[in-house]
Structures are given as structure tokens and as C-alpha cells.
Amino acid sequence: IPLSSLSHFLSPFSPLSLPSCSTLHIPIVCSSLFHISSTQLFGLGHNIPVTNICPGPVQTNVDRNALRGDGSFHQMDDPFIRSGMKAERCAELSLIAMSNQLNEIWVTPNPLLAMLYFNQYMPFLGSWLMYRQAADMVKAVIAKTRAKTD
């Protein structure tokens with residue numbers, strides 16, 4: 001069961017997660033490897049299900065506990081993470097998907113789930129909506145950072 005992330009779809013919504021988003025190529029490659037292996041084994045008569053779990057923002061303290069270059073804690077809330085679903089709910093939905101042998105699930109609350117569907121099925125509209133929302137979020141983060149330093 002590969003655990004990936006929706007950050008590669010939703011990165012414009014999280015202006016503070018650039019380091020996290022930049023490391024996502026490895027889980028994506030591993031997810032593809034698992035699916036290819038499962039397909040090949042199925043062709044040989046082995047039914048080994050693979051469920052790729054792609055959670056969106058999950059309410060954790062990863063934003064507050066992130067370290068700065070000098071080793072001090074970041075101590076700043078990321079509104080994207082704060083708006084996420086509870087970890088218990090993410091785990092529950094993941095277990096349901098695994099028990100039903102779904103190929104892939106996007107575990108995230110609305111409106112982000114709707115944005116994912118827009119990106120998947122109407123890419124032009126989805127991209128336009130995400131960039132419009134991201135601009136507002138970046139401005140809010142800059143204003144909050146400036147207010148803390150004043």
C-alpha cells in the first residue's frame with residue numbers, strides 16, 4: 001500500500017510546503033512501481049491488490065515543528081494544514097479503501113476534493129481556480145509574517 005500525497009496536485013494551495021512538495025517524486029514513482037507490479041502479477045494469475053492512498057492536508061503539528069535553518073522551530077501555522085481533516089478520519093477512510101481493494105483514493109475534505117475533480121476532468125478551469133485561490137493565500141501568509149516581525 002503506497003502512501004503518496006495530493007500535494008503534487010494541490011501545491012498552489014500550500015505556500016509554506018515547497019520543501020515537502022519537492023520531495024514527492026519518490027512516492028509517486030513507488031506508487032507507479034506497485035501498480036505496474038500488481039498488473040504484471042495479475043497477468044500471471046496472482047491477485048495482489050494495491051491501494052494508492054493520497055491524503056490531502058491532515059491536521060498535524062508538522063508546520064509548527066518544522067525547523068528553520070538555524071535549528072529553531074518554525075512555530076507558524078500553515079492554514080492549509082489547519083484546514084485539513086483529522087488524522088483519525090484519514091486513517092478510517094484509508095482502511096475502508098484497503099478493505100474494498102480500491103486502486104487509488106484521494107482523502108481530503110471539500111472544497112479541495114472538488115478542486116481535484118476540476119483539475120482531473122476540466123484542467124483549464126481547475127488550474128485557473130487554484131491559482132486564483134493561491135494568490136490570496138500567499139498574500140495572507142506574507143501579511144501574517146510581516147505582522148509577527150513588527
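Visitor: Which residues make the nonpolar surface patch?
Guide: Tyr 117, Tyr 121, Met 122, Leu 125 and Trp 128 make it, and the patch covers about 550 Å². Keep in mind that this is a predicted model.

Visitor: Take Tyr 121. Buried or exposed?
Guide: Tyr 121, which lies in helix H7, counts as exposed because its relative accessibility is 59%, and the cut-off for exposed is over 50%.

Visitor: And H8, how far apart are its end C-alpha atoms?
Guide: They are 38 Å apart. With 27 residues at 1.5 Å a residue, H8 should span 39 Å, so the two values agree.

Visitor: Which residues of H8 are buried?
Guide: Gly 126, Met 130, Ala 134, Met 137 and Val 141.

Visitor: Let's zoom out. How many helices and strands does the protein have?
Guide: Eight helices and two strands. Starting at the N terminus, the order is α-α-α-β-α-α-α-β-α-α.

Visitor: What share of the residues counts as buried?
Guide: 30% of the 150 residues. As for the accessible surface, the protein has about 9700 Å², and carbon and sulfur atoms account for 63% of that.

Visitor: What about contacts between residues at least 24 apart?
Guide: Those make up 61% of the contacts between residues at least 6 apart in sequence.

Visitor: Is Phe 80 buried or exposed?
Guide: Phe 80 counts as buried, because its relative accessibility is 8% and buried means under 20%.

Visitor: On to H6. What span should its residues give, at 1.5 Å a residue?
Guide: 18 Å for the 13 residues of H6 (residues 87–99), and the end C-alpha atoms are 18 Å apart, so that agrees.

Visitor: Which residues of H6 are buried?
Guide: Cys 90, Ser 94 and Ala 97. These three cover an arc of only 60° around the axis, so they sit on the same side of H6.

Visitor: Why would residues three or four places apart point the same way?
Guide: Because an α-helix has 3.6 residues a turn.

Visitor: What do the buried residues of H6 pack against?
Guide: Strand S1 (52–55) and strand S2 (104–107).

Visitor: And what's on the face of H6 turned away from the buried side?
Guide: The exposed residues Glu 88, Leu 95 and Ser 99 are carried there.

Visitor: How many salt bridges does the structure hold?
Guide: One. Arg 89 pairs with Glu 92, and their closest N and O atoms are 3.2 Å apart.

Visitor: Where do Arg 89 and Glu 92 lie?
Guide: Both are in helix H6, three residues apart, about one turn of the helix.

Visitor: How accessible are those two?
Guide: Arg 89 counts as partly exposed because its relative accessibility is 40%. Glu 92 also comes out at 40% relative accessibility, so Glu 92 counts as partly exposed too.

Visitor: Last one: which residue takes a positive phi just after H6?
Guide: Gln 101, with a phi of about 50°.

Methods: Residues are numbered from 1 along each chain as its sequence is written. This is a predicted model: local features need pLDDT of at least 70, side-chain atom pairs count only at pLDDT 80 or more; totals for chains, interfaces and linings use all residues. Side-chain values use heavy atoms; hydrogens and water are left out. Helices (H or I, at least four residues) and strands (E, at least two) are DSSP runs, numbered from the N terminus. The expected span of a helix is 1.5 Å times one less than its number of residues. Buried means under 20% relative accessible area, exposed over 50%, partly exposed in between (1.4 Å probe, protein chains only). The arc is that of the directions from the helix axis to the C-beta atoms. Contact means heavy atoms within 4.5 Å. Patches are made of residues with over 30% relative accessible area and no salt bridge: like charges are joined within 9 Å, nonpolar side chains (Val, Leu, Ile, Met, Phe, Trp, Tyr) within 5 Å. Accessible areas come from the Shrake-Rupley method with a 1.4 Å probe; for residues, only the protein chains shown count as cover. A salt bridge is a side-chain nitrogen of Lys or Arg within 4 Å of a carboxyl oxygen of Asp or Glu.
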